[in-house]
Amino acid sequence: MTCTLGPSSSSASVIQDLSDNGMSVSRLNFSHVPRGDYAYSSDIISNVRGCEGMHCRVLQRGYNMTAVLLDTKGPEIRTGVVEGYVSGEKNLYVELEDGKEVLVTTDERMREKVTSSTLYLDYKQIGSTVTPGDVLLLDDGLIGLEVTAVSDGKTGDDGEEYCEVNCIVKNGGALGSVKGVNIPNTTLQLPSMTEKDKEDILWGIRSNEIDIVAASFVRKASDVRTVKAYLERCISRAKADGDLKDGDDVVRPAIISKIENKEGVDNFEEILAESDGIMVARGDLGVEIPFADLLILQKKMVRLCNLAGKPVIVATQMLDSMQRNPRPTRAEVTDVGNAVLDGADCVMLSGESANGNYPVVAAKTMQTIVAMADDALDSRRGYSNIGQRRAEMYDAISKNASTLESICSAAVQMASQTDADIIIAISRKGSTVKSLAKFRPNVPIMAFVPTPSIGRRLILHRGVYPIVMSATATDDEHERVVEAVRTAKEIGWLKPNHRVVVVDAELWGLESTKVKTKANCIKIFTV
């Protein structure tokens, strides 16, 4: 489960409670972080790293596996800041009333002076994009404005040009700071990354604390390649500047592409091929496309991610009513459960945990629903089509298999056929673990990896529980297996007479024996 952290959940105590109730990924939404202001985000990350989990409490090891996800603002359109709002505090709102006139402006002087009659937008080209009769949708479409007049090419006292758009409120509501804006049926003139995105990502790399980057508003495969290349440049730059040392545990953050518009949907398969994972970001997506299409598109994207063996997050409004209420609606319960049954690796809380009145209760509720759905998924009682999906994967493997995929698909089938209790994967870079997770085993995968950062990048995959293996065990095959089993017993996951499948597909330390080939092995034994 991914939890967005914000004013309601930034303290160490609340983050600890969220971790205790199922949070495995902490999301920092940089759409709401002022440019260059990283003190608040740094404090949150410190609290995330300081919280204790199984690794600290049971294994007495000084780390946890809660991943940190940097969600970029992206090339989107956002409103300004409500007048009087202070970063890090609970949001202030302005009330937009039906039928009232509202002036929308790109004047920079109004960026932090949003009122019920004047809204700032950060999209400078809006004057050449909209015409009278067009609609602006704010805050995931909850508020609708109809354009009545456009005044482009205005000049302020500072000499800066801006434009104004006069609107009528068609659907009113409470508007907070820095909310998203959608303009349906228009082609927007936006880059793949903004300057703010670049600054935020560079800060994340320099701090060496970011495990995942969620790239917003991805439209095509080249957008993903741009982010990937920029991450690599940031790592090189940080090393050259001395922020990162060669001995540091530096791994490129995983890239999760957020699908939020029709162009992203149209190019989904090429985007998936370039990405480490996908987020079905239903907020903007549900506004950019006909809402009735969202149901099938969500299922299609989850299925394609499953077949590709890449993690998929389903996000936005999953328990939305729990921002205000301590109980979810029945529709929200089935929405979360069905996302799991469809094959989602992760479900996400947004405002529920960031700004809501019941962040921990919302996390506990979601974890309860996920656990129930997971049990149904693994029980083979026909609640899900995952069984058919596995059959598709095995059929693809039989026709065009890599050695690693053959080993992992065989291991998952062996675990099922022998009624194993757990799969232990020993992996140097994580590829073995990802391949095992692709085949959706009915038992947990305990992944033994060399560093916490590699482990945290695996946490999004369903059923994967990373553990850092001690350095003394990494070069000896027998010692690796012994430590893995011993650790699983310490945690309480293995007991006498339990059956275990061990996959060691990346044997380490072969250079010392002058062996130039890799060995792949599967072991099945009873504890």
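## Ground rules

The model is predicted, so local features need pLDDT of at least 70 and side-chain atom pairs count only at pLDDT 80 or more, while totals for chains, interfaces and linings use all residues. Numbering starts from 1 along each chain as its sequence is written, and side-chain values use heavy atoms, with hydrogens and water left out.

## The seven-stranded sheet

Let's start with the sheet. Helices (H or I, at least four residues) and strands (E, at least two) are DSSP runs, numbered from the N terminus, and two strands pair if DSSP finds at least two bridges between them. Seven strands make up an open sheet with mixed pairing, in the order S4-S12-S8-S9-S10-S6-S7. Its edge strands are S4 (77–78) and S7, each of which pairs on one side only.

At the S7 end, strand S6 (residues 101–105) has two partners to look at. With strand S10 (residues 161–171), S6 pairs in the antiparallel sense over five bridges; with strand S7 (residues 118–120), S6 runs parallel, joined by three bridges.

Four bridges join S8 to S9 in an antiparallel arrangement, and Val-135 has Glu-146 as its bridge partner in S9. S8 and S9 form a hairpin with four residues between the strands, where Asp-139 takes a positive phi near 55 degrees. S8 also runs antiparallel to strand S12 (residues 180–182), this time with two bridges; Leu-138 has Val-181 as its bridge partner in S12.

## Helix H16

Now for a helix that is mostly covered: in H16 (residues 431–438), six of the eight residues are buried. Buried means under 20% relative accessible area, exposed means over 50%, and partly exposed is in between (1.4 Å probe, protein chains only). The buried set is Thr-432, Val-433, Ser-435, Leu-436, Ala-437 and Lys-438. After H16 comes Arg-440, with a positive phi near 50 degrees.

Lys-438 has a charged partner. Its side chain meets that of Glu-405 in a salt bridge (2.8 Å, N to O). This pair ties together distant parts of the chain, with Lys-438 in H16 and Glu-405 in helix H15 (residues 403–417), 33 residues apart. Both Lys-438 and Glu-405 are buried.

## More salt bridges

A salt bridge here is a side-chain nitrogen of Lys or Arg within 4 Å of a carboxyl oxygen of Asp or Glu. A search of the whole structure turns up 31 of them.

Take Arg-462 and Asp-374, whose closest N and O atoms are 2.8 Å apart in their salt bridge. The two residues are 88 residues apart and link distant parts of the chain: Arg-462 is in the loop between helix H17 (452–456) and strand S20 (464–468), and Asp-374 is in helix H13 (residues 359–378). Arg-462 is buried, with a relative accessible area of 11%, whereas Asp-374 counts as partly exposed at 24%.

Arg-219 and Glu-263 make another salt bridge, with the closest N and O atoms 3.8 Å apart. Again distant parts of the chain are linked, 44 residues apart: Arg-219 lies in the loop between strand S13 (212–215) and helix H6 (221–240), and Glu-263 lies in helix H7 (residues 262–266). Arg-219 is buried at 13% relative accessible area, while Glu-263, at 37%, counts as partly exposed. There is also a network of salt bridges linking Arg-49, Glu-209, Asp-211, Arg-456 and Arg-457.

## A negative patch

Finally, the surface. Asp-152, Asp-158, Glu-160 and Glu-161 form a negative surface patch. Patches are made of residues with over 30% relative accessible area and no salt bridge, with like charges joined within 9 Å and nonpolar side chains (Val, Leu, Ile, Met, Phe, Trp, Tyr) within 5 Å. Lys and Arg count as positive and Asp and Glu as negative, with His and the chain ends not counted.

Asp-152 counts as partly exposed because its relative accessibility is 49%.

Notes
Accessible areas come from the Shrake-Rupley method with a 1.4 Å probe; for residues, only the protein chains shown count as cover. The place of a charge is taken as NZ of Lys, CZ of Arg, CG of Asp or CD of Glu.
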